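Let's go through a model together and ask what stands behind each label. Please have a look at it first.

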Amino acid sequence: MPRNGKEGILFSFIMSAIMIYVMAALNYGVRTGDVGAAAWSYAVFNFPLAYVVGMICDLGICTPSSRKLAGMFCKEEDRPVWRGIAIKFLMVVLMTVFMTVFGAIMAFGFTGAAVVGFFAMFPYNFTIALPIQMLIVAPLAGKIVHMIGDAASWNESEAPVAASVSAARA
């Protein structure tokens, strides 16, 4: 889990990038029956728009909503790890809904086929996105963010930094 606000935002950017790319390729592969190079090329081609939409959904809707919902289900005395798992789970549910709507519109346009496509793809998207996000992408993004945060000294308090600067001058 991110340890501060800077890590939280970076975590969202990294995690969303990976999930959007992988899920776009897998969805294309399911629709066409080929999860080969064409699916991964399709994901690259559609990544910029999907990423912008995904980040708006993530930072503007899903993150605040999942935290609020987790607050309704989690008690103050609950361990922080359980609150984190609840937030991640709710994020997967909400992001899957929004990104499946986006994917259905991209694949079928604003037609009745998009509605059918949403209901056809949502169960698949959720059952694939949940384990990928919880078991692979979130831990990987967390490690990357912690490495960057540690290298950038985002988690050091101001007092030790000031003390080390004073000691270096003496």
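The questions below set values against definitions.

This is a predicted model, in which local features need pLDDT of at least 70 and side-chain atom pairs count only at pLDDT 80 or more, while totals for chains, interfaces and linings use all residues. Residues are numbered from 1 along each chain as its sequence is written, and side-chain values use heavy atoms, with hydrogens and water left out.

Q: Why is threonine 63 called buried?
A: Buried means under 20% relative accessible area, exposed over 50%, and partly exposed in between (1.4 Å probe, protein chains only). Threonine 63 has a relative accessible area of 15%, so threonine 63 is buried. This residue lies in helix H2 (residues 37–73). Of the 170 residues of the protein chain, 33% count as buried.

Q: Which residues does threonine 63 touch, not counting those up to four places away in sequence?
A: They are Asp58 and Met91, where contact means heavy atoms within 4.5 Å.

Q: Why does valine 97 count as partly exposed?
A: Valine 97 is at 31% relative accessibility, and therefore counts as partly exposed. Its place is in helix H3.

Q: What makes the nonpolar surface patch?
A: Ile61, Val97, Phe98 and Val101 make this patch of about 260 Å². Nonpolar side chains (Val, Leu, Ile, Met, Phe, Trp, Tyr) are joined within 5 Å, and like charges within 9 Å. Helix H3 (residues 80–108) gives the largest share of the nonpolar patch, three residues. Accessible areas come from the Shrake-Rupley method with a 1.4 Å probe; for residues, only the protein chains shown count as cover.

Q: Is valine 116 buried or exposed, and why?
A: Valine 116 has a relative accessible area of 58%, so this residue is exposed. Valine 116 is found in helix H4 (residues 112–151).

Q: How far is the C-alpha atom of valine 116 from that of alanine 104?
A: These C-alpha atoms are separated by 8.5 Å, with the two residues twelve apart along the chain.

Methods: Helices (H or I, at least four residues) and strands (E, at least two) are DSSP runs, numbered from the N terminus. Patches are made of residues with over 30% relative accessible area and no salt bridge: like charges are joined within 9 Å, nonpolar side chains (Val, Leu, Ile, Met, Phe, Trp, Tyr) within 5 Å. A salt bridge is a side-chain nitrogen of Lys or Arg within 4 Å of a carboxyl oxygen of Asp or Glu.
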